[in-house]
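Reader: Could you take me through the aromatic residues and the nonpolar core of this model, giving the cut-offs as we go?

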Amino acid sequence: MTSRLLAAVLAALVLAGCGSDEDEPLGDAQARWVDAFCTGLLPGKKAGQELTAQDPADPAAVKAAYLKLVTANATALADAEKKLEELGPPSDELKDVHERLTKYVGESARSYAAAEAPVKALEPNAGFWDAAEKALADTSQVSKPEDLRATFDALEKSPKYSAAMGRSKPCQELQTGSQS
């Protein structure tokens, strides 16, 4: 998941309305699932904001911020994968969504982890950004990036998950761009 894809993920989160089991209230485990999902994306978003705030004329600062993005995503997404696996699907109807999301988060975490050494080895110069994006693409382990879109499409069918995202502090921070 490149920084551009992360931005698309965040945009999808903002738009994700979440269904068909509306008569049942969202349980604590389901709310924890929503929090785990958003918590996995939040550090990468914050690091991405820091990266885009860097002056391109300072390649050393750009490299430091890019490395922070890579390590923040690797750690947060690996933690999210573990938490999602522990929690299991938030409901029976979202079992496939859960499996796709957990797989995608794990593959993304491993992709970022694999990109750390190649990005670290790059010279901080005018071509750093493009070289770093190529290193990240070359180490990508994401087998089906389209699964992320399918995941959001499935969540859009369940308005109660959208409401849960609205109540979740990590999800709110993703949506508002908070740096806290």
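**Aromatic pairs and the core**

Reader: Is Trp 33 buried or exposed?

Author: Residues are numbered from 1 along each chain as its sequence is written, and side-chain values use heavy atoms, with hydrogens and water left out. This is a predicted model, in which local features need pLDDT of at least 70 and side-chain atom pairs count only at pLDDT 80 or more, while totals for chains, interfaces and linings use all residues. Buried means under 20% relative accessible area, exposed over 50% and partly exposed in between, with a 1.4 Å probe and protein chains only. Trp 33 has a relative accessibility of 0%, so this residue counts as buried.

Reader: How many aromatic pairs are there, and what is the arrangement of Trp 33 and Phe 37?

Author: Rings of Phe, Tyr and Trp (its six-membered ring) pair if their centres lie within 6.5 Å, and planes under 30 degrees apart count as stacked, over 60 as edge-to-face and the rest as tilted. By this rule the count is 3 aromatic pairs. For Trp 33 and Phe 37 the ring centres are 6.1 Å apart and the planes lie at 10°, so this pair is stacked.

Reader: In which helix do Trp 33 and Phe 37 lie?

Author: Helices (H or I, at least four residues) and strands (E, at least two) are DSSP runs, numbered from the N terminus. Phe 37 counts as buried because its relative accessibility is 4%. Trp 33 and Phe 37 are 4 residues apart, about one turn of the helix, and both lie in helix H2.

Reader: Which parts does the pair of Tyr 66 and Trp 129 tie together?

Author: Tyr 66 and Trp 129 form an edge-to-face aromatic pair, with 5.5 Å from centre to centre and 85° between the planes. Because Tyr 66 lies in helix H3 and Trp 129 in helix H5, the pair ties together parts that are 63 residues apart in sequence. Tyr 66 is buried at 0% relative accessibility, whereas Trp 129 is partly exposed at 25%.

Reader: Which residues touch the most other members of the largest nonpolar core?

Author: A nonpolar core is a set of buried Ala, Val, Leu, Ile, Met, Phe, Trp, Tyr and Cys residues joined through side-chain atoms within 4.5 Å. Among the 37 residues of the largest such core, those touching the most other members are Val 34, Tyr 66 and Val 119.
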